[in-house]
Amino acid sequence: EYYMLHKPAGVISATKDDRDKTVLDLITDKKRNDLFPVGRLDKDTEGLLLITNDGELAHRLLSPKKHVDKVYYAKVQGKVDESDVKAFADGVDIGDDTPTKSADLRILKSEEESEIELTITEGRFHQVKRMLAACGKTVKDLKRLSMGPLRLDEALAPGGFRPLTDGEIHTLLDICGLNPST
């Protein structure tokens with residue numbers, strides 16, 4: 001099974017939790033009990049989350065070797081400028097053993113509260129927030145727009161979900177080298 005979920009803020013990316021509502025609690029028409037989220041979004045982050053029971057697909061989408069693009073929209077406290085674009089392109093020291101891989105930062109609005117679109121290929125813990133913090137900015141609102149070729153369906157309200165189309169499944173399997181017909 002493959003579902004696209006518009007994860008709302010306040011829900012955790014887990015299969016079960018004793019205190020908080022999980023993303024699986026939102027998938028009301030699931031047929032299987034072995035579904036899980038592909039990757040994680042912080043509790044306060046919303047946006048695209050793939051829910052599946054296909055472990056091999058999940059592994060390949062999340063593997064650092066595959067370099068699958070993840071695109072985020074963020075509202076940021078602080079003026080984002082070209083020096084930030086360059087820093088992101090060069091890789092940012094976020095306190096791990098190695099700097100982040102090159103990331104594409106697009107400035108949508110540059111004011112005291114800026115708006116950006118950011119494309120990363122990794123999925124480190126709190127990566128987007130840590131990259132912006134390293135440049136002296138604070139994330140106010142964060143939303144994942146896409147993962148690889150899969151884009152968040154704009155018709156899905158936060159908390160909404162739908163099964164992936166055959167075409168979406170085929171494309172995901174194809175980019176991960178799992179499509180038997182190619």
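Reader: Which residues touch the most other members in the largest nonpolar core?
Author: Ile51, Phe88, Ile116 and Leu118, in a core of 30 residues. A nonpolar core here is a set of buried Ala, Val, Leu, Ile, Met, Phe, Trp, Tyr and Cys residues joined through side-chain atoms within 4.5 Å. Buried means under 20% relative accessible area, with a 1.4 Å probe and protein chains only. This is a predicted model: local features need pLDDT of at least 70, side-chain atom pairs count only at pLDDT 80 or more, and totals for chains, interfaces and linings use all residues. Residues are numbered from 1 along each chain as its sequence is written, and side-chain values use heavy atoms, with hydrogens and water left out.

Reader: Which elements each supply at least two residues of this core?
Author: β1 (2-7), α1 (23-26), β3 (46-52), β4, α3 (82-90), β6, α4 (127-134) and β7 (138-147). Helices (H or I, at least four residues) and strands (E, at least two) are DSSP runs, numbered from the N terminus.

Reader: What other core lies apart from it?
Author: One of 18 residues, including Met4, Ala58, Leu61 and Leu172.

Reader: Back to Ile51. What is it in contact with, leaving aside neighbours within four places in sequence?
Author: Glu1, Tyr2, Tyr3, Leu5, Val23, Leu24, Ile27, Leu35, Phe36 and Pro37. Contact means heavy atoms within 4.5 Å.

Reader: Now β6. How many of its residues are buried?
Author: Six of the eight, across residues 113-120.

Reader: Which way do β4 and β6 run, parallel or antiparallel?
Author: Antiparallel, with eight bridges joining β4 (residues 70-77) to β6. Val76 stands opposite Ser114 there. Two strands pair if DSSP finds at least two bridges between them.

Reader: And how many bridges join β5 to β6?
Author: Five, and those strands also run antiparallel. Lys109 has Glu115 as its bridge partner. A hairpin of three residues links β5 to β6.

Reader: Switching topic. Where is Cys135?
Author: In the loop between α4 and β7. Not counting residues up to four places away in sequence, Cys135 touches Asp84, Ala87 and Phe88.

Reader: Which residues of α5 are buried?
Author: Glu168, Ile169, Leu172 and Leu173, in a helix spanning residues 166-175. They sit on the same side of α5, because they cover an arc of only 130 degrees around the axis. That arc is taken from the directions from the helix axis to the C-beta atoms.

Reader: What covers them?
Author: The cover includes β1, β3, α2 (55-62), β8 (150-151) and β9 (161-163).

Reader: What follows α5?
Author: Gly177, with a positive phi near 70 degrees.

Notes. Buried means under 20% relative accessible area, exposed over 50%, partly exposed in between (1.4 Å probe, protein chains only).
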